[in-house]
Amino acid sequence: MNRQRPHSIQKFFIALTILTGWLLSACTSNFDEINTDPNRIEKISPGTLLNPIIYEMASFNTLRSDEFTFDLLQVSLPFPSVSGGVHRYDISENAGGSTWNTYYRWITNIREMQTAAVVAEDPNYQAIALTLNAWVYSLLTDGFGDVPMTEAGKGEEKIFQPAFDTQEYIYTTILKDLETANDLFDPSRSMIYGTDILYANNVSNWQRFCNSLRLRLLLRVMKRNPETVQAALVTMLSNPDTYPVFTKNTEAAVLKITGVIPNVSPWGRAVDFTNARAAAEFFVDNLNQFNDPRRPIFLTQARSSDGKTTIGYKGIPSGYAGGESQFDFLPSNLNVNLVKTDVGPMQSVMMTYAEVEFIKAELAQKEIFGEDAQIHYENGVKAAIEQWGAVLPADYFANEHTQYDGTLDRIMLQKYYALFFNDYQQWFEYRRTGLPKLPKGEDMRNNGIMPVRFRYPTTVQTNNAANYKIVVEKMGGDNINTKVWWEK
């Protein structure tokens, strides 16, 4: 049994309404400078597409956290779920289809934004476009492996079957683009083409996002070229004035979804978020061991089988065998308030300050940079807790399950919670490190092996058959166990 999702046609009209709202606002109060210049009325300004790109990408990724990452990484699971399902590593052929289509659609819009920024000779918008392009392409290539980049979105040049670029080439390109973007950012220069919904035109925070993202991506590929990547990481972290990164939660790339049209929750009905689901045992049990203050924010309490008595926070195992009747209680669920906007802005996470601290903790633990991994570990935990409006208890790190023990396992377990609701990042980080250590359910498919990528959509196989055949030969297959470049 699957939880109810908005019908695809309904989703289309919601997206169309939202995009129309952004574009209308871009032509009225948010873009007065266009209205006062009759020669520019029909031009696309560097800011026209910025808010639609931010909103559509962030909200789509939030949906994918819910629909895919939560189930795969044992945050939650469909309930009842008597057979199959992502939590059992039963991944359908077109599981990545919406990801492929959505990312390429907005990559095209990012390219248009970048072109407009070049024409306008505006370095900040050029830098933002490069940052967003690197962000989207990193998600795309980490999900699929080799993908079209050089020839992508060039229908106007009669290129309708683009060749695939290697993941190594894509990472080389986007890491270079992020370095270029950092050099382009000019905080002394105002952003004049409307007010962006992520940072309200704070150029310094956009620059911090750019460099924090670069840290994430360098760490991800460090295994492939250790000396070069480690040198780049050390250079960045040794020169914070040149390469500023997130230093507090208010600088993080977290879109606040207010509920005011067009900035609305991607759930038309909040109840669809919690319908026919349960919290996973792994996710809940660790929070219980932590005595974590995020529990009431993330979860509901389990109840007795008659529903009359709460029995604390209790989940069910992912990949369980048999029917739901084996559970003599009603398990905890995720908290519906996570996707509501009438109780405060909803968080759509792009990248957090906590992640930066956990990156620093890992580099210190591996003796690559820094001396005190514990400080960064505790900073990361504190930031991850406070991000969701909770307060770090004074004795939180006195607990044997939360105190820093010098291991990467401990860092990655807390990082797993810091990446909650952050697109596919829990999945990507598990593939990079094999952590946290997840239990194996009795009814797991795929021989109990964590899937490492999406298959290419069937439309790609059909409409770009020649290049599809080439890329499959290069990658060594097209299945959920075909490792991407940085995993090999």
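Modeller: Contact here means heavy atoms within 4.5 Å. This is a predicted model, where local features need pLDDT of at least 70, side-chain atom pairs count only at pLDDT 80 or more, and totals for chains, interfaces and linings use all residues. Residues are numbered from 1 along each chain as its sequence is written, and side-chain values use heavy atoms, with hydrogens and water left out.

Colleague: Which residues in α7 meet α15?

Modeller: Arg-216, Leu-219 and Arg-220 in α7. Their partners in α15 are Gln-425, Phe-428, Glu-429 and Arg-432. Helices are DSSP runs (H or I, at least four residues), numbered from the N terminus.

Colleague: How do the residues of that contact divide?

Modeller: Two nonpolar, one polar and four charged. Ala, Val, Leu, Ile, Met, Phe, Trp, Tyr, Cys and Pro count as nonpolar, Asp, Glu, Lys and Arg as charged, and the others, Gly among them, as polar.

Colleague: Switching to α8. At what angle does α7 pack with it?

Modeller: About 155°, with the axes 10 Å apart. Axes are lines fitted to C-alpha atoms, for helices over the stretch in contact, and angles run from 0 to 180 degrees between N-to-C directions. That makes α7 roughly antiparallel to α8 (angles over 145 degrees).

Colleague: And which residues meet there?

Modeller: Asn-211, Arg-214, Leu-215 and Leu-218 in α7 meet Val-229, Ala-232, Leu-233, Met-236 and Leu-237 in α8. Seven are nonpolar, one is polar and one is charged.

Colleague: What about α12 and α13: how do their axes cross?

Modeller: At roughly 160°, coming within 8 Å. The two helices are therefore roughly antiparallel to each other.

Definitions and conventions:
Angles under 35 degrees count as roughly parallel, over 145 as roughly antiparallel, 65 to 115 as roughly perpendicular and the rest as oblique.
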